[in-house]
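Trainee: I would like to go through the terms used for this model and check each one against its value. Can we start with the core?

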Amino acid sequence: MDLLNAKNILKEGTFTCVLCKGESFYTSEDRGIKPLVSWYLSGEDFSLYSAADKVVGKGAAFVYLLLQIKNIYADVISESALKLLNNNGLYVEYNKLVPNIINRKGDGICPFEEAVLNVEDKEEAFEIIMDKIEQMVL
């Protein structure tokens, strides 16, 4: 039920991602991995939440694993993200499966997905993601 609610909220509004548990909702209109990282760094317990997201690449998938969500819907998901989530026991629904998430310019792979393509450890992936965020801000 939480996954269906999260999916409906995502589709009805202008949100990029939604976390849902019962009557508790977290939503964001920020693009990319930013809202997921913020939620993770908040230290809140999201382990019983379901998620719905417009785009899930492998970088986002790692952060969802760190958030310990129970299941996820992705409008678009990369093959590497789907494999990672499935290998970690998450139930995943999606609309469109793509080889890779494309960057905003449309001329290559998403920088976060590319940075963690060959990583399997979620803590290592998060360090790489944080380094990448820092590089992009500077």
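Mentor: This is a predicted model. The largest nonpolar core has 37 residues, and V56, Y64 and L85 touch the most other members. Helix α3, residues 58-67, gives the most to this core, with eight residues. Another core, of eight residues, lies apart from it and includes L3, I9, L10 and Y73.

Trainee: What is Y64 in contact with, leaving aside its neighbours within four places in sequence?

Mentor: Y64 is in contact with C17, L19, L36, A51, A52, D53, V56, I69 and I72.

Trainee: Why is S28 called buried?

Mentor: The relative accessible area of S28 is 8%. Buried means under 20%, so S28 counts as buried at 8%. S28 is found in strand β2, residues 24-28. Its contacts, apart from neighbours within four places in sequence, are F15, T16, C17, P35 and W39.

Trainee: What makes L84 count as buried?

Mentor: The same test applies. L84 has 4% relative accessibility, and the cut-off is under 20%, so L84 is buried. L84 is found in helix α4, residues 79-87. Not counting residues up to four places away in sequence, L84 touches K58, A61, F62, L65 and E120.

Trainee: How far apart are the C-alpha atoms of L84 and S28?

Mentor: They are separated by 23 Å, and the two residues are 56 residues apart along the chain.

Trainee: How do you know that the span of helix α6 agrees with its number of residues?

Mentor: Helix α6 covers residues 122-137, which is 16 residues. The expected span is 1.5 Å times one less than the number of residues, so α6 should span 22 Å. The end C-alpha atoms of α6 are 22 Å apart, so the span agrees.

Trainee: Which residues of α6 are buried, and why are they said to line one face of the helix?

Mentor: The buried residues of α6 are A125, F126 and I129. Seen down the axis of α6, they fall within an arc of 100°, so they line one face. As background, an α-helix has 3.6 residues a turn, so residues three or four places apart point the same way. The buried residues of α6 pack against α2 (34-41), α3 and α5 (111-116). On the face turned away from the buried side, α6 carries the exposed residues E127, E134 and Q135.

Trainee: What caps the N-terminal end of α6?

Mentor: D121 does: a side-chain oxygen of D121 lies 3.2 Å from the backbone nitrogen of E123. The cut-off for a polar contact is within 3.5 Å.

Technical notes:
Residues numbered from 1 in each chain as written. Predicted model: local features only at pLDDT ≥ 70, side-chain atom pairs only at ≥ 80, totals over all residues. Heavy atoms only, no water. Helix = DSSP H or I, 4+ residues; strand = E, 2+ residues; numbered from the N terminus. Buried < 20%, exposed > 50% of the residue type's maximum accessible area, 1.4 Å probe, protein only. Contact = heavy atoms within 4.5 Å. Core = buried A, V, L, I, M, F, W, Y, C linked by side-chain atoms within 4.5 Å. Arc of directions from axis to C-beta. Polar contact = N/O pair within 3.5 Å; in protein donor to acceptor, adjacent residues only side chain to side chain.
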